[in-house]
Amino acid sequence: MVLISSSPEKSGGCPPDDGPCILLVPDQCVDDSHCPSRMKCCHKACFRQCVRKVFVKMGSCPEDPLRCLSPVQHLCSKDWDCPGHKRCCLSACGRDCRNPL
């Protein structure tokens with residue numbers, strides 16, 4: 001069964017989901033309407049769950065088609081770690097500050 005919702009998306013964004021997918025867990029929410037007021041329905045470790053929303057800057061992160069051969073190193077953890085309009089985006093070798101699309 002597929003649930004379809006037309007409820008508006010809440011403001012704010014989802015925290016980074018850089019963790020590995022360990023088990024197949026069923027989704028705990030379908031959209032933001034299934035979550036308490038200060039939470040959003042976000043992907044977290046291969047399934048959707050209600051998590052505390054975070055502030056995000058305008059624009060979306062560019063896709064990075066490269067594969068990393070070095071250990072993953074995160075240079076930022078959230079948008080506020082980046083100057084100006086730059087966003088903290090997942091790249092081939094970790095998160096870094098990039099110009100949004």
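Q: How do the residues of the lining of the largest pocket divide into nonpolar, polar and charged?
A: In this predicted model, the lining of the largest pocket consists of 15 nonpolar, seven polar and eight charged residues.

Q: How is such a pocket found, and what is the volume of the largest pocket?
A: The general idea is that rolling a probe the size of a water molecule over the atoms shows where empty space is left. In this structure, the largest pocket has a volume of about 560 Å³.

Q: How many residues line the largest pocket, and which lie nearest its centre?
A: The lining comprises 30 residues. Nearest the centre of the pocket are Pro16, Cys61, Cys88, Leu90 and Arg95.

Q: Which strands each supply at least two residues of that lining?
A: They are β3, residues 87–91, and β4, residues 94–98. The largest share, five residues, comes from β3.

Q: How do strands β1 and β2 run, and how many bridges join them?
A: Strand β1, residues 39–44, and strand β2, residues 47–52, run antiparallel and are joined by six bridges. Within this pair, Met39 stands opposite Arg52 in β2. The hairpin has two residues between the strands, and Ala45 takes a positive phi near 55°.

Q: Is Gln28 buried or exposed?
A: A residue counts as exposed when its relative accessible area is over 50%. Gln28 has a value of 53%, so Gln28 is exposed. This residue lies in the segment before β1.

Q: Which residues does Gln28 touch, leaving aside those up to four places away in sequence?
A: Gln28 touches Phe47, Arg48 and Gln49.

Q: What share of the chain counts as buried?
A: Of the 101 residues, 24% count as buried. As for contacts with a separation of 6 or more, residues 24 or more positions apart account for 46% of them.

Q: Where does pLDDT stay under 50?
A: The general rule is that where pLDDT is low, the predicted coordinates should not be read in detail. Here pLDDT stays under 50 over residues 1–5, for which the model has three contacts beyond four places in sequence. The chain averages 83, and 89% of the residues score at least 70. Among the strands, the mean is lowest in β1, at 88, and highest in β4, at 92.

Technical notes. Residues are numbered from 1 along each chain as its sequence is written. This is a predicted model: local features need pLDDT of at least 70, side-chain atom pairs count only at pLDDT 80 or more; totals for chains, interfaces and linings use all residues. Side-chain values use heavy atoms; hydrogens and water are left out. On a 1 Å grid over the protein atoms alone, a cavity is a set of points where a 1.4 Å probe fits but cannot get out, and a pocket is an open set with protein on both sides within 12 Å along at least five of seven lines; lining residues have an atom within 4 Å of a point. Grid points are joined across faces, edges and corners, and a volume is the space filled by probe spheres set on the points. Helices (H or I, at least four residues) and strands (E, at least two) are DSSP runs, numbered from the N terminus. Ala, Val, Leu, Ile, Met, Phe, Trp, Tyr, Cys and Pro count as nonpolar, Asp, Glu, Lys and Arg as charged, and the others, Gly among them, as polar. Two strands pair if DSSP finds at least two bridges between them. pLDDT is the predictor's confidence in each residue, from 0 to 100. Contact means heavy atoms within 4.5 Å. Buried means under 20% relative accessible area, exposed over 50%, partly exposed in between (1.4 Å probe, protein chains only).
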